[in-house]
Structures are given as structure tokens and as C-alpha cells.
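Reader: I would like to learn how to read a fold like this one. Could you walk me through it, starting from a single residue?

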Amino acid sequence: MIKLIEELYVIPDKKHFIVYAPLKRKILQVNKEFVKLLDKIRNQKAALFGADERMCIESLKNLDFINASEDYPENTFGTTEYSPTSVTFLPTSNCNLQCIYCYSNSNLESENLSIDVAFKAIDLIIENALKQQLTQIQIGFLGGGEPFLEWDFVTTIIRYAQLEAKKNDLSTYFTGVTNGVLSEKKIDFIIKNFNYLNISIDGTKEIQNIQRPKKNRKESFESVVRTIYRLNEVGFKFGTRSTISSMSVNNMIDIVKFLNNDLHVKKIHFEPLHPCGRAKMKLNLAPDPLLFIANFKKCLSITSKSKSELFCSAIRLDTLTSRFCGALNQNFYVVPNGYVTACTEVSSIDDHLSEIFFIGRFDTENGKFVFDEKKIRALSERKVTNIPCCSECIAKWHCAGACPVKGVLAGNLYDPSATINCLISKELTEFYIKSIANGKKGLSPRITEIYN
Amino acid sequence: MKKTKNENLFTQDLGNKMIKNKVQRPEISRIIEIKVETAEVRCSKGDCDGDYSPG
């Protein structure tokens, strides 16, 4: 008996058909008769196959598509047990910008993270890294608000982590996410001590200043661009993230040209605006997903020529995973009041989603972090194999059920189908596969296509 | 030898059948293997590059 692998997807494409085997990392361009043969094999419709069919079956065997094992990517990140070796701090909810869509609703309440709690978090990831015999710990700084406003906190943490890591023969990897409105002194420190920086910039001058004004209503564009120029000067590794709104969705091509050609950004992240935080009040800020998809495709043709990377969390052909992100696995994000959240988009205990995503807190009495194992287990169960609407989706092993927060906000943690990311993921995954099948190279620098 | 009209028709017919037969055979016209460096490999080399929510 011959048995085809389960994870095989067929899509029509002009004169051909495309067979996509995500877990085997293979794409075939075939004819209609080949698709019929697959159907015949799948349904065991014939006991005997013709000579041509037998040849194709041999090819399928060589491709590991027949009578082959299929290992699901269960643990893309880390171990199954919750034992984080990286920590991300959200040091403050204060911000020097007043973005119209801020997910964390910054500047509403001023809260900061205690340095002693942060030290304990570093001690914990060092302990975990040693237990797992790893050689590195990772420390990130993120909003809430603008993390680098709490400058003393950031520099103290970095020195502490460097010192403690060295004592334990571990290396450090520091990352930050910033709005890019930084002083020269801060930029110099980042260049010297950080490994990677992600800068939020929504695009050209007009869009940036409308969507991301300073808290005092002044324009932020020039300050952010100055930071990027400085990082480019010294060859520091950074990427940008642009939130695409209904106001900017038709300017995506101009934005990508500006970032790619003028600012020489090598890693450009576009994300469609999701109505949460401050944007909840302005539902019309979310972009039309079909416009986002159409323009994203056009933008890809620009970045692929310059070997820079354009990506969106909904399209990740390079990733094979059963869980969308670290929120469902190892995320350890410490927020201002000492709580631990699994997701940056849920950073306040007042957010009703904290019931799901707040997975621990610092226990001041015992001087250590305590975690809610039940909640961690519940989040880790949110795997693509447990999401019914994903079962037949071509993007399932890349998107893995999309963002869990957006799923909950759309009504169901286990049903992402109502989110715009679901549509974007399906459409763009199919687009990537078709493009590769038709010989288009360079869509993502992370992917190498080998044509046989 | 000069071909008659009928012979021409016959040859054309046979040719069409042959083309048709060729199309009816199941065929793979292209195989593409995708090579990637996954996030976990990159991160293990200390090159996470701010990947989307690395666990």
C-alpha cells in the first residue's frame, strides 16, 4: 500500500498546478494529470497504476512524499517546560510620542518598573540558561511607553546583566524597540552595548508626523531619521517597523521606497494596524486588508531587487511552527508593576485580556517570580493542530493560527478566521509559493530556492 | 512522395493525438527545494535580529 503524506496542498496556477509540501520544504509545479494521480493515491482509487503513473510515484517516493514520516514542528522555540532564557522589560508606560493608535495606550498612567525586580528577572534567566546548558542570555527593552526614557534603568540593567553573565561564562544579546527619538548620548550607548535595534517609523514625513507625533504635538520625523542616519554611519544592525493604517495603506510603495532607497533599511517590517489600545476608539484606522495585500506584493518587487527584507508577521515562509509566537511558549515580559505578561500587547493588569496573558508576578514577600502554570499550559495548548479552522489552510505551519491576542479580540482564541491577519496570511503565503514556483527569487533573504 | 489531402489529415490527426497523449501523462515540470535558516538556528547563533516575538 502506498500512502501520501498528509501535509500536501494543491493550488491552481495559470497553466499549471502547484503542489506545496510545507513540512518537506518542497514546491512542485505539475500538470492536471499529476493532481489526478495524487487524488488517486490519496483515495486508493486504483490498485494498478500505469507505467507513467508508476514513474511519478517513484519520483514522489524520492521526494519523501510517500510512506514517509511527517514530524510536526512542536517546539520551535525552546523547550516545552516554561523556562525562559530571555527577558524583555517594559520599563515604563511613559512616552515622548503620542501615536494615534498606540496599542498600550501609553501616557495614561505613569508606572515604572523597579530595578530590583528587573535584577531578579536577570538572575532567573541566567539560572535557566545554566540549567539548559546554554551559552547566552537575551535581554530586550520594549514599550509600554518608550523604554529608553527610563535611561538609568536601561544602563543599570545592561551593566548588571553583563557582569552577571560574565561571572557565569554566558554571553549577552541586547535588543531594543524604540520610537527612535533619541539623544546623541543614548544612540552612542546603544551602538556600543546593543546587538540589535528595532525602530518604529511609519514612513514618509507626512505619515510619520500624523500617526506618530511627539507628546507635545511637534513633529517626530526629523529626530527618527537622524537616529537612522547615525546607525547607518557606523553599520549598526537595525530594522524598522511601520504600522500601516487606513491612512497609509495607499502609500505603502512610497514608504518602502523611502525606507529602502533613502534610509537604506535592510529589514523592513510592515504590520497592518490592529484596533487595540488607543486605536480601539478609532475603528476606521485599520487598513483594508485587500489593499494591504495588493500593495505588499508591489513592495516586495522593490525590496527583492535590493536584497533587503520586507516582512509581516502574517507571512513567514521561512518559519515552520505549531505556535504563532513566544506568547504561547517562552515569553517572559516584565511590565512596570512587576507582573509578567506573555504578550507586549497586553501590558496592563487593567486590560481584560490580562486574565489570559498575565502569567506571573514578582512576589515581594519571597523575593522571587511566581508563575501561573495553569495559564502557561493553557496558552501553550493554542497550537495550530488545535485550531479547527486552520486544518486545511496552506499557511498553517507558517502562520500557526495567527496572533492569539487578535483572535481573542475577534471573539475566540481558537478562531482567528475573523482577523484580517488570517486573510493576509493565506493570500500572501499563496503568493510567495506561486512566485517561487514560477522562478521568482529573492522575495526573502531568509529563503534560498533550489530549482531542480 | 507527394501527400494527398487525406494523408495530410491523417498525419495531422495522429499528431494531435500524440500531443493529447503527452498532455495526459502526469508530469512534474519543476521541483523547488526551499532552504531556510530558521529563527531558532539564527537565535542559537546569537543573531535574533528582533524576530517577531522570539520565544
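Author: Gladly, and keep in mind that this is a predicted model. Take A:F89: beyond its neighbours within four places in sequence, A:F89 is in contact with A:L113, A:A118, A:A121, A:I122, A:I139, A:G140, A:F141, A:L142, A:F153, A:I157 and A:V334.

Reader: Which core residues have the most contacts inside the largest nonpolar core?

Author: The general idea is that nonpolar side chains tend to be buried together in soluble globular proteins. Here the largest nonpolar core has 116 residues, and those with the most contacts inside it are A:F89, A:I139, A:F141, A:F194, A:F270, A:F296 and A:F332. Helix α3 (residues 115-131) of chain A gives the most to this core, with 9 residues. Another core, of 20 residues, lies apart from it, and includes A:L4, A:V19, A:A21 and A:L63.

Reader: Now the sheet. What is the order of its strands?

Author: Strands of a sheet pair through backbone hydrogen bonds, either parallel or antiparallel. In this case, the open sheet has 11 strands in the order β10-β9-β8-β7-β6-β5-β4-β11-β12-β13-β14 (chain A), and the pairing is mixed. Its edge strands, each pairing on one side only, are β10 (309-311) and β14 (368-371) of chain A.

Reader: How many bridges join β5 to β6 of chain A?

Author: There are 6 bridges between strand β5 (residues 136-141) and strand β6 (residues 171-178) of chain A, which run parallel. To find your place, look for A:Q138, whose bridge partner in β6(A) is A:Y173.

Reader: Which strands does helix α9 of chain A lie across?

Author: Helix α9 (residues 289-306) of chain A lies across β8, β9 and β10 of chain A, at about 175 degrees to β9(A). For comparison, helix α7 (residues 221-234) of chain A lies across β7 and β8 of chain A, running at about 155 degrees to β7(A).

Notes. Residues are numbered from 1 along each chain as its sequence is written. Chains are lettered from A and ligands numbered from 1 in the order in which they are written. This is a predicted model: local features need pLDDT of at least 70, side-chain atom pairs count only at pLDDT 80 or more; totals for chains, interfaces and linings use all residues. Side-chain values use heavy atoms; hydrogens and water are left out. A nonpolar core is a set of buried Ala, Val, Leu, Ile, Met, Phe, Trp, Tyr and Cys residues joined through side-chain atoms within 4.5 Å. Buried means under 20% relative accessible area, exposed over 50%, partly exposed in between (1.4 Å probe, protein chains only). Helices (H or I, at least four residues) and strands (E, at least two) are DSSP runs, numbered from the N terminus. Contact means heavy atoms within 4.5 Å. Two strands pair if DSSP finds at least two bridges between them. Axes are lines fitted to C-alpha atoms, for helices over the stretch in contact, and angles run from 0 to 180 degrees between N-to-C directions.
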